[in-house]
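Please take the sequence and the coordinates together, and follow the account below with both in view.

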Amino acid sequence: MDVSISDPKAPRPPSLQSGSDKEKAAAPSTPHGIPIDGAAERKLVLKVDLAVLPILFLLFLVSFVDRSNLANARIEGLEKSLHIPPKSNGYNVALFCFTIPYVLFEVPANMLLKRIRPNWWLSGLMFSWGICTMGQGFSQNLGGLATCRALMGLFESGFVPGCAYLIGSYYKRHEFQFRYSIFFSAAILAGAFSGFLAYLLAKMDGVGGYEGWRWIFIVEGLITVVIALVAFFVIAPWPEDCRFLTPHEKDMLLERLAVDRGHVKHDTLTSKSFVTTLTDWKVWAGMLAYFGADHSASAVVAFQPTILTQLGYKSSEAQIHTIPVFMVALVLAITVAWFSDRTQHRYAFCMLGVAICMVGWTIQLAQANPVGVRYFGMFAITSGVYILMPVLVVWNLNNLGTGYRRVIGAAFQIGGGNSAALVSQNVFISKHAPKYPEGFGTGFALNVMAGVCCTALFFGLRAENKRRDRGLRDSRFSLPQAELDNLGDDHPNFRYTL
């Protein structure tokens, strides 16, 4: 669905054409007079793609490997070495210690991003959590492990929303979904890659007197530190400061972004705009939908290897059997993202993810036999949730204007949504393995909640667009100019993406 953010009654710029020399000679110009032809625009977007996405993809892949490697270390003997009783919830405590600071610091961390250059901020965070990842490999008890996990959560808190904001600052609203899903697919690929890497590193058992699970943390943490140092020189700056474009290309980039925003301008941070953003029903609905989705994702990351071993696979087999689960999810997530941008629509694709995920939770909750059926259920949960999550984030960012409102809204959605990990870490109770009735039942219920919130968003936003089409919000034009410019998506000319 094509949704414009400019005044529907105002003259629209000519569509961007591509093709023949005749078309190039008659290349349309933007309202500010900068000529743009289709071929030049495609070249510009490709140049931005190559400068912005690959390094952030790599960083997120490494981030997710570091975040999820605790699950791989667990089935390689971590609990036994650290004297954590097998039927206790010590493993859940370690997960819990990561999640609390990760959730609490997302909003303030993302607000800092506006004041610090992206390469300093993102590479600095990565270097810090890489050191903490290595520290887990030298832990001698649960306390040491939990401390490292808590520091990791603190340093990782600003990473994903920061990357989302940086990527979104370079693209038009209906180019963003495919790019963000490419970025987010690093998490899916990491799910497959981390299992295979852990399988290889575990074979270092006994080297230097360290168990195999310790080498998982040490080597992966060292890789993170090295990549962070390289990333400092590669991460793209803000569009206004980019040096990888020629002056003309930079002007063209900024102009096409300005046309896409229409009347919505970069807002300024005031106490009123901060409170307005955090009390916006759309932000809360998006966060609750993400909460329902993230429970499934965190359950897959933290407990899938364990569940596979309890279904009868050996630890090495369980590591390898996670790979096809994530690879199928990767292909589906990218395919759905392409169609979502192509159709300029979000809601139907969110509900597709919800439906697929629900099939998986139903299979697990029913304890279906044989084992192969439950293994298929892992495919469904993983594919469904990784279709849903990136679409939810982009849908939220599409509808939050620009500037601080987008920064705060993105961090609140991702941070609040990630607090679902606190639920998943406390409903998969060791003594109830392998049936986990609380875990599977909660997953099903929260998945339903995600679908309800998506539906409320769709009908609520559609109704608001109709009100604005009828001029029922035009009274806001009488506001002082400074206040009108700071309305963001509340501006009467803004139209929400559905």
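Residues are numbered from 1 along each chain as its sequence is written, and side-chain values use heavy atoms, with hydrogens and water left out. The mean pLDDT of the protein (the predictor's confidence in each residue, from 0 to 100) is 84, and 90% of the residues reach 70 or more. Over residues 1-31, however, the pLDDT is below 50, although this stretch has 68 contacts in the model beyond near neighbours in sequence, a contact meaning heavy atoms within 4.5 Å. Where pLDDT is low, the predicted coordinates should not be read in detail.

Side chains of opposite charge can pair when their charged atoms come close. A search of the whole structure finds 15 salt bridges, each defined as a side-chain nitrogen of Lys or Arg within 4 Å of a carboxyl oxygen of Asp or Glu. One of them joins E41 to K172, with the closest N and O atoms 3.8 Å apart. Since E41 lies in helix α2 (residues 38-74) and K172 in the loop between α8 (159-168) and α9 (173-201), the pair ties together parts that are 131 residues apart in sequence; helices here are DSSP runs (H or I, at least four residues), numbered from the N terminus. E41 is buried, with a relative accessible area of 9%, where buried means under 20% relative accessible area, exposed over 50%, and partly exposed in between (1.4 Å probe, protein chains only). E41 and K172 also belong, with E175 and R256, to a network of salt bridges.

Another salt bridge is formed by E156 and R67, whose closest N and O atoms are 3.3 Å apart. This pair links distant parts of the chain, E156 being in helix α7 (residues 142-156) and R67 in helix α2, 89 residues apart, and both residues are buried.

A salt bridge between D489 and K282 likewise has its closest N and O atoms 3.3 Å apart. D489 lies in the segment after α20 (481-485) and K282 in helix α13 (residues 281-310), so the pair ties together parts that are 207 residues apart in sequence. D489 is buried at a relative accessible area of 0%, and K282 is buried at 8%.

Turning to the backbone, H83 has a positive phi of about 60° although it is not a glycine. H83 is found in the loop between α3 (78-81) and α4 (90-104), and is exposed, with a relative accessible area of 67%. Q344, in the loop between α14 (315-343) and α15 (347-366), is a residue other than glycine whose phi is also positive, near 55°.

Methods. This is a predicted model: local features need pLDDT of at least 70, side-chain atom pairs count only at pLDDT 80 or more; totals for chains, interfaces and linings use all residues. Helices (H or I, at least four residues) and strands (E, at least two) are DSSP runs, numbered from the N terminus.
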